[in-house]
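Thanks for coming. I will go through a few local details, one after another, and stop there.

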There are 2 protein chains.
Amino acid sequence: MAHGAGGKATRRLIDGIIAPLLLPHVTEALGDSALVDVNGSGIAITTDAFVVTPLRFPGGSIGELAVNGTVNDIAVSGATPLAMVASFVLEAGLPMRVLEAEVRAMAQAASEAGIAIVGGDTKVVEHGKADQMYITTTGIGLLRPGLTLGPRSVRPGDKIVVSGPIGDHGITILLARGELDLEADLRSDTRSVLPLVDAMLSVAGAGVRWMRDPTRGGVATTLNELALDTGLGIHLVEEWLPVRDEVRGACELLGLDPLHIANEGQFLAIVAAEYAEVVPGTIIGEVKDEPAAAVLVTTGYGGSRIVDMLVGDPLPRIC
Amino acid sequence: MAHGAGGKATRRLIDGIIAPLLLPHVTEALGDSALVDVNGSGIAITTDAFVVTPLRFPGGSIGELAVNGTVNDIAVSGATPLAMVASFVLEAGLPMRVLEAEVRAMAQAASEAGIAIVGGDTKVVEHGKADQMYITTTGIGLLRPGLTLGPRSVRPGDKIVVSGPIGDHGITILLARGELDLEADLRSDTRSVLPLVDAMLSVAGAGVRWMRDPTRGGVATTLNELALDTGLGIHLVEEWLPVRDEVRGACELLGLDPLHIANEGQFLAIVAAEYAEVVPGTIIGEVKDEPAAAVLVTTGYGGSRIVDMLVGDPLPRIC
């Protein structure tokens, strides 16, 4: 299961087997979208399978997640959404009202994000060969001209910005499963980040160096990938991290780090220092030369610790 | 299960629930790809989930099918492939060598079809929540200028052409499951139809009115959709249908009609009469005014029968 959790095992699976064989021509670091040139227009394309359980949870559902997850991958690539397609794997016996509710949630989310769903596919497998439904969405977007988002644009001295509180989605899903004797007044943060990304780019333009949405594996995994891709040191200040009390409390009880918990409606940006104070979001740290290719968190007591990618799989099937 | 078989129940599911809610802006008949305008360039986009069982069968495998199925949807839309993305749902415990074999099959098929796989996603679900692996591929292609493929371009007098023998894929899968006491020297027809489509378009150009690949639900279902979309009568001549003896024999034993059996490496085209003799493939019939919105097969004995879409699900999970 760890191979699907978005952390180290996922990276080993993708870097070790899938990417070398399947993506031999892709030499750039893998971002949230791939880029394709179409008669001189840059097109971002991104695909994600959604297998979240339970299907419905406070703040969202699999259908809504499937649309916004893909919208967000397009958004943080610096592209504006053009169109989306959706493919369903349905378990035989799935009640029609369950399917209809998710299709409605998808339509609603697409409408709110301003993306047209233009096609799809439906397959049905035997009872016991899926868990109610899986949805894969693929989106394409038109790259804004003039942006050069990516690890190569990141420089020491740049600031690290996060759009809002971290860990809400993962902890919400964990609690929604009802396997823990824990309750909290918490909702998934799932939403389209497109308006916030638009705001950031209109304020800072090419001063935005890099964006990603820290879903599976959380902020720590996404920033470790950035550290590896740049060779730079990612410095976070623990007390600057926006974490709700409910998330912090659940993490303490469960021995988890909010930096490893999945988000669905947040994004990380590396922003040139001169713009960092004026873009939307919260500054959580700075890029430095050292330590090479690592994420370092400074704690409130003056100490510091290296935070690795997610290892193992404390939270499977959170998206 | 019938809802996923590609026939009437699938159309009810898609026309009844999914399309009206999810695709309210799509007023054109649903083809194998959707069309999106990107700064004046026409982009075809298509997605398919692959859930075939067994994963490997004579002539192909799920990975190869996942690439060629999407390449073919792009090809019959009159587009040249630009790029593909792939998303995997893996069952925990799947041997790495099984995954690696399918990834290699995908890479090989993509290389042969001349399409780059540019990105992907991997999710792992618990043992018993999938059947080894499901793959969703999404492809984009660049529409050739000057073509107006679609039901609206079809006219009475046009000829119906099929690229090669029908039913090979579906019967191969059925036999590969080993549930029937039947054997035949048969292979799936899975392949990229891109070279054949290229040849047809270079010979007939805008004389090609419409193309589709008759996968789930077979030739009968695809032509019934054309009949419904045009309101015209689709006349087939039974003795002109290219069907291998092995397929005909298996169908007779099982009470199936080769017209309802899935194909993976064939396509149907409606071609202006003046080009029908010179394009690659076999003429199997003609478009007429009557009977309205139906498919009629003339038998060798001078009789005729209406052939409906696939009803029920004799062959689940064939792609």
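Which backbone oxygen does the side chain of Lys123(A) reach? The oxygen belongs to Ala49(B), and the distance is 2.3 Å. Keep in mind that this is a predicted model, and every value I quote is computed from it.

Let me stay with Lys123(A) for a moment. The residue sits in strand E6 of chain A, which covers residues 116-125. Its relative accessibility is 2%, so Lys123(A) counts as buried, the cut-off being under 20%. If we ignore residues up to four places away in sequence, Lys123(A) touches Phe88(A), Val89(A) and Leu90(A) in chain A. From chain B, Lys123(A) touches Asp48(B), Ala49(B), Val51(B), Arg216(B) and Cys319(B).

Now over to strand E6 of chain B, residues 116-125, where we find Thr122(B). Is Thr122(B) buried or exposed? Thr122(B) counts as buried, because its relative accessibility is 2%. Leaving out neighbours within four places in sequence, its contacts in chain A are Leu13(A), Ile14(A), Ile18(A) and Arg216(A). In chain B, Thr122(B) is in contact with Phe88(B) and Leu90(B).

Another threonine, Thr282(B), lies in strand E12 of chain B, residues 282-288. Thr282(B) has a relative accessible area of 29%, so this residue is partly exposed. With neighbours within four places set aside, Thr282(B) is in contact with Ile160(B), Val161(B), Val162(B), Trp240(B) and Pro242(B). Between the C-alpha atoms of Thr282(B) and Tyr134(B) there are 34 Å, and the two residues are 148 residues apart along the chain.

Next, helix packing. Two packed helices are described by the angle between their axes and the distance between the axes.

In chain A, helix H4, residues 168-176, packs with helix H7, residues 245-254, at an angle of about 60 degrees, and the axes are 10 Å apart. H4(A) is therefore oblique to H7(A). Their crossing is left-handed. From H4(A), the residues involved are Asp168(A), Ile171(A) and Leu174(A), which meet Val247(A), Ala250(A), Cys251(A) and Leu254(A) of H7(A). By class, that contact has 6 nonpolar residues, 1 charged and no polar.

In chain B, the pair is helix H2, residues 62-76, and helix H3, residues 96-113, at about 30 degrees with axes 7 Å apart. That angle makes H2(B) roughly parallel to H3(B). The crossing here is right-handed. Among the residues of H2(B) in the contact are Ile62(B), Val67(B) and Val71(B), and H3(B) contributes residues including Ala105(B), Met106(B) and Ala109(B). This contact of H2(B) with H3(B) divides into 8 nonpolar, 2 polar and 2 charged residues.

Last, the backbone. Most residues other than glycine have a negative phi, and most peptide bonds are trans.

Where is a cis peptide bond in chain A? One joins Thr53(A) and Pro54(A), with omega about 0 degrees. Pro54(A) is in the loop between strands E2 and E3 of chain A. In chain B, a cis bond joins Glu290(B) and Pro291(B), with omega about -10 degrees. Pro291(B) is in the loop between E12 and strand E13 of chain B.

As for phi, Gln132(A) is not a glycine, yet its phi is positive, near 70 degrees. Gln132(A) lies in the loop between E6 and E7 of chain A. Gln132(B) also has a positive phi, about 70 degrees.

Conventions:
Residues are numbered from 1 along each chain as its sequence is written. Chains are lettered from A and ligands numbered from 1 in the order in which they are written. This is a predicted model: local features need pLDDT of at least 70, side-chain atom pairs count only at pLDDT 80 or more; totals for chains, interfaces and linings use all residues. Side-chain values use heavy atoms; hydrogens and water are left out. Axes are lines fitted to C-alpha atoms, for helices over the stretch in contact, and angles run from 0 to 180 degrees between N-to-C directions. Helices (H or I, at least four residues) and strands (E, at least two) are DSSP runs, numbered from the N terminus. Angles under 35 degrees count as roughly parallel, over 145 as roughly antiparallel, 65 to 115 as roughly perpendicular and the rest as oblique. A crossing is left-handed if the near helix is turned anticlockwise from the far one by less than a right angle, and right-handed if clockwise. Contact means heavy atoms within 4.5 Å. Ala, Val, Leu, Ile, Met, Phe, Trp, Tyr, Cys and Pro count as nonpolar, Asp, Glu, Lys and Arg as charged, and the others, Gly among them, as polar. Buried means under 20% relative accessible area, exposed over 50%, partly exposed in between (1.4 Å probe, protein chains only). A polar contact is a pair of N or O atoms within 3.5 Å; within protein, one must be able to donate a hydrogen and the other to accept it, and residues adjacent in sequence count only if both atoms are side-chain atoms.
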